[in-house]
Amino acid sequence: MAFIEIVNLGRTVGGRDILKSINLKVERGEVFALIGPTGAGKTTLLRLIDLLDAPTSGKILFDGADTATSTQERLKVRRRMAFVLQKPVVFNATVYENIACGLKWRGLGGHELQRKVDNLLDMVGLAEYRRRNARTLSGGEAQRVAIARAIAVAPEVLLLDEPTANLDPVSASRVQELIARAGDGKTTIIMSTHDMAQGQRLAGRIGVLVGGELLQVGSSRDIFTLPRSREVAEFVGVENILNGVVVMNEERVVTVDVGGKMVEAISDYGKGEAVLTCVRPEDITLSLARVSSSARNSFAGEIVRVVAVGPLARVEIDCGFALVSLVTKRSAEEMGLAKGRQVYATFKATGVHVIKKDA
Amino acid sequence: MEELWYGLVRAVQLIVSLDPEVMEITGRSLSISVTSTLLSALFCLPLGSVIHFYRFPARRMVISLIQTFYSVPTVVVGLLVFVLFSRAGPLGEMGLLFTPTVMIIGQMLLIAPVLLGLTISGLSGVDRAIADTARSLGASAFQTAVAVIREARFAVMAALIMAFGRAISEVGLAIMVGGNIRGFTRVLTTAISLETSKGDIELSLALGIILVAIALIINLALNRIQQR
């Protein structure tokens with residue numbers, strides 16, 4: 001029995017389905033990230049898990065027991081968790097009192113309380129703000145107070161809603177460090193984020209939530225390299241998603257007809273199957289002349305656009321179908337990649353991920 | 001014009017010399033209004049919280065009704081209390097009419113709508129996320145309510161000051177149920193109204209200046225709190 005088990009969970013507000021039949025198991029000590037675009041239902045799901053709201057359908061089992069019980073029982077379960085809301089909210093009180101409140105509500109007082117709070121203040125680096133009103137802190141500091149306040153109660157489950165969404169990069173990395181430290185193997189962490197990289201960095205497993213549906217759950221590696229649907233592929237940054245039909249499958253090497261061009265990939269799908277072939281832009285190599293290599297796919301095309309993205313250049317090519325390739329800016333300069341230039345786009349058959357097209 | 005000047009000078013002299021009668025009336029006014037404000041708050045703050053936190057049918061109606069009574073005429077409350085406590089009234093047995101006690105009771109009723117309404121709107125002004133945060137940190141329903149009330153403490157304080165201001169400045173109720181008995185139920189407002197009609201402008205002006213000073217202090221306090 002998983003630590004937290006979510007069965008057919010749904011929530012409807014004002015006739016709109018925010019969550020549709022979510023099924024999820026989270027084990028004790030796991031760091032799990034919910035990723036998905038804004039409005040996908042991540043906050044709603046976290047609020048349901050924290051028993052702040054009641055689901056419209058389905059149930060949540062916590063440590064094997066159904067949570068749809070009395071207010072008193074739900075409070076008991078909620079006290080084993082802590083939830084950091086997306087918008088850092090601090091009480092209009094000192095930083096010390098803010099961090100102490102969860103422990104006070106659990107009946108702790110005296111020296112024990114003081115010792116614990118002082119430890120936490122040191123941990124989040126806010127010891128010198130002890131007596132300051134928390135309302136006067138910056139957004140990043142307030143979020144650190146919010147996280148310290150949650151960690152203070154030593155929760156078995158720590159829920160974090162977009163913990164770094166509203167923060168500048170420096171504050172965000174400090175907060176991420178705190179989260180990484182809280183994931184000590186004993187605390188179960190469930191966090192939501194729309195930042196894929198953050199999910200990948202912090203979480204062991206990831207669930208992709210789009211439009212109220214949990215589309216895919218798996219290790220972060222699987223999610224990023226083997227997305228199971230177009231929505232997931234798009235969300236995890238696979239920019240090349242090509243419609244095609246399998247024309248041949250020989251010992252799992254398939255040939256897919258993409259608008260008349262043949263793309264080779266590794267897959268189990270048989271002849272006649274409508275599929276999506278996914279190629280990550282960083283897996284596509286560009287060259288000015290046809291190169292002979294072990295890569296099975298090489299297409300001639302014309303550059304449509306080159307856009308600088310930080311240290312990289314995003315090159316859009318038309319080779320019968322549109323392809324996007326990411327190369328370093330330096331490569332782009334040395335090769336003279338520019339609009340109108342003829343290039344060859346090359347990628348390996350193993351770099352292509354094939355998804356069955358939904359009916 | 002000369003009369004007014006002379007009156008003003010005499011009034012200031014009365015205040016500066018701490019004239020016993022002026023001090024006595026001021027003290028009674030303050031003690032009656034402070035008492036009525038605190039006692040009324042004792043009932044209204046919890047009741048306002050209950051109205052805010054518990055969802056019940058006709059809740060919006062109740063709140064509208066409370067707001068309607070913000071500016072209920074003081075003489076109407078005075079009439080009600082008079083009828084209740086007059087010899088033949090249902091509470092006449094207690095013999096409280098024309099005592100400071102019944103003035104306090106009347107003021108409590110008079111300011112209750114202001115206290116209730118401002119408490120409710122103060123609590124409604126607290127960010128919803130505060131209640132969510134408290135619950136998510138393991139607060140029970142009661143602990144959550146306390147946390148929200150704590151957040152609204154400045155709004156509640158402002159409500160207390162507003163209520164006190166209304167209590168100390170009203171005259172209709174005080175004169176109807178207090179009777180303006182010298183040395184017993186005479187307060188600032190009733191004294192001013194009586195002394196003016198008797199032609200003692202000096203005393204009236206002195207008491208008026210004190211009343212305005214109290215109003216000024218109240219407003220300064222209110223501004224300070226609302227800036228938080």
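Chain B contains 11 helices and zero strands, where helices (H or I, at least four residues) and strands (E, at least two) are DSSP runs numbered from the N terminus. The structure is a predicted model, in which local features need pLDDT of at least 70 and side-chain atom pairs count only at pLDDT 80 or more, while totals for chains, interfaces and linings use all residues. Residues are numbered from 1 along each chain as its sequence is written, and chains are lettered from A and ligands numbered from 1 in the order in which they are written.

Read along the sequence, chain B follows the pattern α-α-α-α-α-α-α-α-α-α-α, and its C-alpha atoms fill a box of roughly 70 × 45 × 25 Å along the principal axes. Of the 228 residues in chain B, 39% are buried; a residue is buried if 20 or more other C-beta atoms lie within 10 Å of its own, exposed if 12 or fewer, and partly exposed in between, with C-beta atoms placed from the backbone. Among the contacts in chain B with a separation of 6 or more, 76% join residues 24 or more positions apart, two residues being in contact if their C-beta atoms, placed from the backbone, lie within 7 Å.

Between the chains, 14 residues of chain B are in contact with 19 residues of chain A. On the side of chain B that touches chain A, the elements giving two or more residues are helix 6 (128-136) and helix 7 (141-151) of chain B, and the largest share, six residues, comes from helix 6. This side of chain B divides into five nonpolar, five polar and four charged residues, where Ala, Val, Leu, Ile, Met, Phe, Trp, Tyr, Cys and Pro count as nonpolar, Asp, Glu, Lys and Arg as charged, and the others, Gly among them, as polar.

Chain A is divided into domain 1 (4-235) and domain 2 (240-356), with bounds that come from an automatic or database domain assignment. The C-alpha centres of these two domains lie 39 Å apart, and their contact takes eight residues from domain 1 and five residues from domain 2.
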